[in-house]
Amino acid sequence: MQRQTTLGRIVRGTLLTLVGMFFLFPILWVFLMSFQTNQEILRIPPSIFFEPTLQNYHALISGRLETQTGTLEIRFMNNLMNSVILATSSVALSLLLGIPAAYAFARFKFRLGEDIAFTLLSFRFAPPLLVLLPLAIYFQQLGLINTYSGLIWVYQLITLPLILWIVRGYFEDISEDIEHAYRIDGNGWFKTFTHIAIPLAKPGIAAATLLSFIFAWNNFVFALILASADKQPVTVGALAFVTASGIQYGQIAASVVLSVTPTLALALYAQRYLVEGLSLGAVKG
Amino acid sequence: MTRKIDDLANAVVRRQLGRRDFIRRAGQLGIGASAAVYALNHAQSMAFAQDFDWQKHSGTSLKLLLNQHPYADAMIANLETFKAMTGIEVTYDVFPEDVYFDKVTAELSSSSAEYDVFMTGAYQTWQYGPAGWLVDLNEFIQDPAHTGPEYNWDDVLPNLRASTAWSGVPGEALGGEGAKQWAIPWGFELNSIAYNRRVFDAHGLTPPTNMGELMETAAKITKDVDGMYGVGVRGSRSWATIHPGFLSAYANFGETDFTMENGQLMAAMNTEGSKAMHADWVRMIKESGPRDWATYTWYQVGTDLGAGASGMIYDADILGYFMNGEGNAEAGNLAYHAFAPNPEADAPTPNVWIWSLGMSNFSTKKDAAWLFMQWASSTDHALFGAREMDFVNPVRQSVWDDEAFQERIAANYPGYLEQYQASAPGSKIYFTPQPLFFNLTTEWASSLQQMVGDQIPVDEGLDQLAESVNRQLRQAGL
């Protein structure tokens, strides 16, 4: 193995720092903005030196936003909680339905199997706006309008196809011989599925979970149309800081920091599974 | 103590005591200004309620759909008064403006009975009204069984009443014969100049009095003031780019968006006068507008003025009003000026945006909903909002005449009242009502972007725009 020279190390370090700064600077800037007042953010020219304040976070957590035209009541924490409920429940339901379905599509050949799988995928093709109006009418008739259960159902349009198709690919990549060997030992297909297939497909399930969680978390339009203000997710709630009397940049930055945190935490947690998944692909024969 | 303040408040209602004396005497009783104002407001509402049965729908529940706006905040701050007066329970959903009309359109187009009353703009009623989604409010306003004697509909500024009424026939004048009152004006904004007085004074500038001066002053600011550009106007690819300063100036030069020829609407954006006005506007933006003009909306235009990045704006007067408040670097430095761009025009012709209240045709509680609308658009509530909150600009003449309101505005917003008085007579909606309003006006903004971006010369761009607009009108059978 060739040893790296000192100059090489310095050049490499400098380049890595530059690339890192290029990608991370906007995030860092938003983070810094979250500790500044609107006036500091809007000063000309901008500066990275300021007196940090927690007032933006305080406004979000206390639910009271002071603007030049008075005090506004904001429901950001409620929005954040709604996002957690909707994204988590939708992904959980999709995992429950999608993983067995993915296994079935990967392992068993049955009539119209591919058509059904493709139909599920096609849910991702239709622009949400196209289906929202008929959905709103059906939801009114079914009493599902403005309910968490109705929204979680609709969120399946986002999360279920994603989980199903990603996990199906992983199941297909796992050698059937391992499962056959396990079944020869007298185990049924369900036990094979839970004890062999799922553990082996864990990296894929983790990747699909993370991706579908991010998609569900970022969804904007379903809750907007199908629910009242008290069921709105953080994506709609964050717009509350753009008011006729001005844009509250500090609060927007703080809300971005707070709303990114759950997804970031999940990504960090799932990272090791994702890396495992990549390595698995790399050494496979 | 409570009784004493109530007595004092009732004395104000009976006009035996002035408002200023009331606040002073309440202070002597150890009662804070906000508590005193609440007591006064309550007394006025109770007096308002005496000649009309406000309790006839007691026990009913209403749900409102509101845009996040100071007008909604003022109403929410006073809502307990309405509940106490009527016994009606009111809940509301507030949505940010960015998504508000998506929500309203979805609710109405799906025939939802979820909301009884909602905030709307006048332009939106051109779509909602003829579609059968709104109630014609004439049936309530004109009926003494539904409307109390104190309501005084005629007190609402005539141009605003007309601007929210339309027959539904494309091209027919707003407020004309057979017009249906699709909404009740609630608060409005007209378009004029708001400028940074600190900068103007420091550089010996005076507010412009015509288009030439506007361009000249803006160019001077861009050239002479470090880090500041001359004039902020909107530029995003949206109908909202056309309706403020741009259309106000356009109308002032006597130009119209459409003409009626043989019973057909015809685009009128490519007349010689229109081309000359467009050329000036485009040159002004290129020379002295914001660098990212094509992304500019209400928010950027206002934020730049408040932050000291622009020397003036030609936009909604209340945008300049809001930017003069705390939290802005230039708070207290802004001033206001009525503006007639055409040197030959007698007066300004500001196009207006009217936040209004509409009643859903799918509401199952229309009578109770009207009680709410009646109260929310009453003189009583308008006075509360104008004196204590930012329910500005008021739509009622009696509120503009109110001394307490005038004193408050004069003290904090120099030149605002004068700007209003000079602008108000000519302020109305200058668009021709027609159902393709949003699509065609957005295309107009897109065309303007191409002209500013030098993608197309002004003359050619307007000829193409007129051709495209006419084609779309014919396709829609208009």
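**Figure 1. The two domains of chain A in a predicted model.** The centres of domain 1 and domain 2 of chain A, taken over C-alpha atoms, are separated by 31 Å. Domain 1 covers 6-73 and domain 2 covers 76-283, with bounds from an automatic or database domain assignment. This is a predicted model, in which local features need pLDDT of at least 70, side-chain atom pairs count only at pLDDT 80 or more, and totals for chains, interfaces and linings use all residues. Residues are numbered from 1 along each chain as its sequence is written, while chains are lettered from A and ligands numbered from 1 in the order in which they are written. Between the domains, 18 residues of domain 1 and 15 residues of domain 2 of chain A take part in the contact; two residues are in contact if their C-beta atoms, placed from the backbone, lie within 7 Å. On the domain 1 side, H1 (6-33), H2 (38-41), H3 (55-62) and strand S1 (64-67) of chain A give two or more residues each. Helices (H or I, at least four residues) and strands (E, at least two) are DSSP runs, numbered from the N terminus. H3(A) gives the most to this side, with five residues. The side has nine nonpolar, nine polar and no charged residues. Here Ala, Val, Leu, Ile, Met, Phe, Trp, Tyr, Cys and Pro count as nonpolar, Asp, Glu, Lys and Arg as charged, and the others, Gly among them, as polar.

**Figure 2. The side of chain B that touches chain A.** Contacts link 33 residues of chain B with 28 residues of chain A. At least two residues each come from H4 (70-86), strand S2 (89-95), H5 (97-109) and H14 (298-307) of chain B. H5(B) gives the most, with seven residues. By class, this side of chain B has twelve nonpolar, 13 polar and eight charged residues.

**Figure 3. Helices H10 and H13 of chain B.** The axes of H10 (residues 211-224) and H13 (residues 272-288) of chain B come within 9 Å and cross at roughly 10 degrees. Axes are lines fitted to C-alpha atoms, for helices over the stretch in contact, and angles run from 0 to 180 degrees between N-to-C directions. H10(B) and H13(B) are therefore roughly parallel, a term for angles under 35 degrees. Residues of this contact include Met211(B) and Leu214(B) of H10(B), and Arg283(B) and Met284(B) of H13(B).

**Figure 4. The largest nonpolar core.** A nonpolar core is a set of buried Ala, Val, Leu, Ile, Met, Phe, Trp, Tyr and Cys residues joined through C-beta atoms within 7 Å. A residue is buried if 20 or more other C-beta atoms, placed from the backbone, lie within 10 Å of its own, exposed if 12 or fewer, and partly exposed in between. Of the 136 residues in the largest core, Val117(B), Ala194(B), Leu319(B), Phe372(B) and Met373(B) touch the most other members. H16 (residues 366-376) of chain B gives the most to this core, with eight residues. Domain 2 (54-188 + 353-426) and domain 3 (190-351 + 430-475) of chain B both give residues, so the core lies between them.

**Figure 5. Backbone details in loops of chain B.** A cis peptide bond, with omega about 5 degrees, joins Val392(B) and Asn393(B). Asn393(B) is in the loop between H17 (379-388) and H18 (397-400) of chain B. Asn152(B), not a glycine, has a positive phi of about 55 degrees. Asn152(B) is partly exposed, with 14 other C-beta atoms within 10 Å.

Technical notes: Angles under 35 degrees count as roughly parallel, over 145 as roughly antiparallel, 65 to 115 as roughly perpendicular and the rest as oblique.
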